[in-house]
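Good morning, and thank you for coming. Please look at the structure on the screen while I go through several of its parts.

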Amino acid sequence: MQQEAAIREPLILGNKSYKDITDDVVGPIQGKAPLGWKIMITISSVIAFYGVGCILYLIGTGIGVWGLNKTVGWAWDITNFVWWVGIGHAGTLISAVLLLFRQKWRMAINRSAEAMTIFAVIMAAVFPGIHMGRIWVSYWVLPLPNQFGSLWVNFNSPLLWDVFAISTYFSVSLVFWYIGLIPDFATIRDRMTKPLQKKIYGFLSFGWSGRAKHWTRFEEVSLVLAGIATPLVFSVHSIVSMDFATSVIPGWHTTIFPPYFVSGAVFSGFAMVQTLLLIMRKTMNLENYIHTKHVEYMNIVIIVTGSIVGVAYLTELFISWYSGVEYESYAFINRFSGPYSMSYWIMMTCNVVSPQLFWFKKIRRSLVATFALSIVVNIGMWFERYVIIVTSLHRDFDPSSWGEFHATSIDVGVFVGTLGIFFTLFLLFARFFPVLALNELKTILKSSGEEHKRIQSDGKSNH
Amino acid sequence: MADNKIYWSGLEELDRTPEFERIESQEFPAERPADEFLADDRLQRANTGRRDFLKFMGFSVTAATLAACETPVVKSIPYTNKPEEITPGVANYYASTFYDGHDFVNVLVKTREGRPIFVKSNTETGFGRVNARVNASVLGLYDSARLQAPHLNGEATTWPSLDAAVSKGLTGSGRKVLLTGTVMSPSMKRAISALEASAGVEHVQCDAVSYSATTEAMRADYGRRVFPSYQFGKAETVVSLNADFLGTWGDNVWYTAEWAKTRRPEDGAMSRLHAFESGMSLTGSNADSRTRVKPSEQGRVAAALLREISGQGAAVVLDETVMASVKAAAADLKKSGAKGLVVAGDNDLATQRIVSAINRALDAVGTTIELHENPSLHQGDDKAFAQLVSDMNAGKVAALLVDGINPSYHAADAAAFNAGLEKVGFSVSTALFADETASRCTAMAPAHHWLEGWNDLQIDPNRIDLVQPAIQPLYDTRQPAESLMAWAGQPADGYTLLRQTHSAAYTADAMYTDQNWNTGVHNGFLAVTVPEETPAVYTGADLGGALRDVAARKGGTFELDVYRKVAIGDGQQAGNPMLQETPDPITKTTWDNYVTMARVDMEAMGLNTYIAQEEPASVVKVTVGAKALELPAFPQPGQTPGTVGIALGYGRGGGNEAIGKAAYQVGEGGDHLADAEGNLVPIGKNVFGLAPVVDGVPSRAVYDVSIEATGETYPLACTQIQHTYMGRDSVVKETSFDDYLAEAGVKRGDASWNKTIGLNVHDDINGDGEINALDKKAAGEFDMWHEHAVDGVGHRWGMAIDLTSCIGCSACVTACHIENNVPVVGKDEVRRHRDMHWMRIDRFYASDWNMERGEAEGVGVISTYGKMEEPGANPQTVHMPMMCQHCNHAPCETVCPVAATTHSNEGVNQMTYNRCIGTRYCANNCPFKVRRFNWFHYPGYDKFQNFNPAQDAIQRMVLNPDVVVRSRGVMEKCSLCVQRTQGAKLEAKKAGTPLEDGSAITACAEACPTNAITFGDLNDNASEVRATYDNNRTYHALEEVGIQPNVAYLTKVRNTPKA
């Protein structure tokens, strides 16, 4: 057991014992759903159903119900896709990268961050599907042996790389998340009294018995998966960025995109984790597990990645001028001075200026400010993708085709709908799944729980 | 012997053994184990339980259901007796002639399985080249709104009863008048004489768009009331005073090609075109020098020209800049002498007289102007028509027969005509539709569509052009000449009538034996000999009055010029959705007419000058005397401040007439809009009759109109909203003829006006021992792909487009539209930038600003870009046809995840619709934005029900069976008419000969009246398109992107006068 420096803040507050942890996490699952949860899930599922309706209308009628046109072939669809994928970055980063770096503070947040990742990636995967003109033949993007003749996918296409990147990322994230859930499901199973619930959680826990052998394997698998997942964190958004970077369109054709997109993704992912956790810790009484220290650490990540993103924006501007290419320089001048300059300045303000406020310790440690800024960051990151996609396309090489994009109600409906689906899934997770990695948390209780440190120093133990 | 023959199947039968007899007596020789089976108690115990039963039932129901799920079978019935010349899948071409009262052109009609599907110019034996209105007219044949039977008092009837009614109607006392457009048909003229002789019917001609000022001026000056035959091909200097001879004015189908012949820089000489006009016309946009004048000044410009050339007349007051242009034009005219030509478009007698005097002073009559006594276009007599209307109102007209025109729509005083029509005892119209006039007539005797019947037409004294049917009449219709003969009491079928016109001795026995006739039908014309004509002699008529008239003209705050748009013309084809959707070559606006205004005027009135998807146009109220109408205002670069322009041909069907579904406005859902009274809402507003009638001539200009902002807005659907090319000279390259001549001999890529674009590389390219900014590699030499040999291997299809010849007429746009079954998507979709045209014509105006000027004047980069978006006040214009460039390094091909768009080994970028999943990545990555996505199910979705031809049971017959109708969700684009190249290859293969240059040609290249588009095999060293690749004007658009297109452009050369 490694020792903590005395000046470090404890990771778990409130003199918790092992039982307290179990009670805090499993209690809400056993108890009745609180009214607040019922209200929230009603609202979010209504929005989700509206979104599903919009999607069905889209599929039934044609892509024309969106505001796209001959000049701007992608807009909200791919913006939403990249935005959701970006959000889906934080979870795996927290669980895999921070696991490898032995950052123990991650244990309080990794479960829900990973859940968020899974749900965000599901939302992201919706868009490449529904943005297709013929979704019913979307399986053609998979390199399946077929009888259509010698038809094969085009391995040159970044969209195909996307298919592989997203599906790999999703499956690894899902497995990683689920492996972590197994011992916790077993704990719930053991505490459930109703037979049906016991049966369900028993099934979900795959017969976990808590034997030492199980734990050894658990640790090993986690480590291996963390090893696999870590490069994926960087590859997924690099590949997503290649959808743009490998094209010829000024404003897309940029070699800076992979690192820029990855840091942007981590940036938005952490912001979304903040948004969700700050609500969750309050409503589910998890203040002792997720507290200022976690928030502050995440805010530091936000400052770092936000600054990288800011530098990337400025680099793009500089290179567009330095290249001397008229299309390139016009594309960037048009970004900040053209018809969509409003989006650009929203992006700049939200992504570059606002995270710099976290340099102030007071703001960095303020939960209210963090909550507000986390939303601001995600608005900014949505606009970043919108700016990249729409302003680059709407005025590219041939001025005769310069056009405009205007979103329709279906564009908005589908996006808001995915927010609804996402929150519905997250609320279901919060209600039925262990929102904290309780068994993992128990491993840091003795090294960082206040009570335990006290007991340890007294040379006594209550167990 | 035979009787004793015994057959037996075995020895047992022969011997009749007891065993055999026993078996023979039983029906089933072997025992059936039925009892055994039923007695088996396992069977009783066997449990075909509820689950099994459900399984079996489920399977059976599913199987039965699936078996019933068959795609509907469309049966095609083979010919019982196959016509000799029709082979399914093989097109037939018939020579014919198009004449609609305005455009007169020899054509070839393509038919497939007996259906006409395409109209092209007959360049081999004919004259003139089809324009957009002509090649799109094939759609009108299949219009389900056409009259399908003769009508009497609004009820369908039969021809005999109609004929009886007409004959009775012609017995009334009073004037009996046959009112037609200009009749060009000898057979029709014969029928008219017959009717005149038998029923005392007078013949009055009246054109929808009057040219009577020109014809009256010719009568005054030469004693011949004719519309001159202008020889643009012989002219070195052309001055156009508001005459849009490239788009709509006069015999434009003939002028366009002729004029283009004088515009080849390679010939070492180019004609020069000076234009004086108020609004920007197609001709003005192609002028080498264009001067903005007001309609009231046109006469004075003519007078000033005359004075400069011949010294005739007094000095006139004109603006300084206008005067300078007049002097430059006069200098060019004087230099050209008899090879000069001045044409005026205003229907104004004084101007036309002065212009006639200028041409006379140039001695142009006989060279660039021919005055044939007969035949002549535009014979309409407005005074006779005015007299007719007043007689009608006075109740003096007993019978009125209307053919070929629609005066209730286009008469100068349509209300008076309509009021008079009610007082006419009996009236009959031969219109194809129950249009504004026909629906007001007692009877309707619908004519054939021009593709359905026999006819003859004459515009050239030396030949009779023939019209032959390309299809059996779809409905119960009759050729007007046939109707007239029937009413004259000499019934004859149309064919016999036609034959007898040209050979009085013709009998049905000789139907096929007249070789002269057969050749004529094959070639589309009969050669005739005419007696020598006497040359036109000037009558010496005095010009003083005309000169005084024009000198005294004054204009108000605003002056109006009514003009015609290239696609809609005089509005005859208002129900043709393809023409409605063809963007105007100048404004790039579809589906509407509007008030064109100068930007400064609009800004002064606070009107919106940026019209786009969500930025609707401001509506203004135009008041002319007591008449007022409201239309959206369109900011037109090049419009003379203080003038406005409105197009004719709109506002058809204001009384709910059945003139075609596409003639009416639809809502966003696709249903027709209706006004408060439940009437359908026409597209645009009718401005016929807005201009006054001056000296019996309906004018097209109003010298004093008032324009007021209404505060309302109205959406306009434009296909292009950016007007300039932002100084991107790798998109458009242009130079002046002088600069061209200075470097005419240099090799491609070296001329200052067409330099190959080099990109810097970190390599010592130029060999000066240093790596610096001078080390450039040609953009075409960069290659990150494995080398695919393209030169010299098989075919490699390519295209070259000469920007010098392209006038933007849009004939290629409609030709491509029809050839490739491109859907019509309607105004709302066009407004959303979702037009589907595979071939579009980009129209760029020059801006007064560029980066250099911005730098010199210390204006920031951002502001300079802003200013470069604004066209100059009187800008030069470039028309640039744009379609898939078939890049050898195509950005679209690499990004498709499913390889639905690929490169053929013939250099064509091909689209596999079946494979497309619709990610639109290819369209995003296309630098030219030529890819078109099927946003909806155009052939079935309700939004398109009222205009997409594929949604009309009859109109869909126009679809080209060689080209698939694309489904929803797939990408489409120009295929370089792959169906045609494949067809030509097949023909060559069958013939066992190499493919001949010109045998494979795309629809756009075929339709181009100026031969600006050349298509062929780049690997054929003898091909025309290959030769253009060595031309020093040739360049590839956006060369530096490294896409290596197979479509090339030739630098635009303007013969601009030296400043």
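I begin with B:K168, which is found in helix α8 (residues 159-169) of chain B; helices (H or I, at least four residues) and strands (E, at least two) are DSSP runs, numbered from the N terminus. Is B:K168 buried or exposed? B:K168 is exposed, because 11 other C-beta atoms lie within 10 Å. By definition, a residue is buried if 20 or more other C-beta atoms lie within 10 Å of its own, exposed if 12 or fewer, and partly exposed in between, with the C-beta atoms placed from the backbone. From B:K168 to B:A984 there are 816 residues in sequence and 57 Å in space, C-alpha to C-alpha.

A word on the source: this is a predicted model, in which local features need pLDDT of at least 70, side-chain atom pairs count only at pLDDT 80 or more, and totals for chains, interfaces and linings use all residues. Residues are numbered from 1 along each chain as its sequence is written, while chains are lettered from A and ligands numbered from 1 in the order in which they are written.

The predictor's confidence in each residue, from 0 to 100, is called pLDDT. Its average over chain A is 86, and 94% of the residues score at least 70.

B:E277 stands opposite B:R292 in β11(B).

Finally, the contact between the chains takes 43 residues from chain A and 50 residues from chain B, where two residues are in contact if their C-beta atoms, placed from the backbone, lie within 7 Å. On the side of chain A that touches chain B, α6 (158-191) and α11 (326-337) of chain A are the elements that give two or more residues. α11(A) gives the most to that side, with four residues.

Thank you for your attention.

Key. Pairing = 2+ DSSP bridges.
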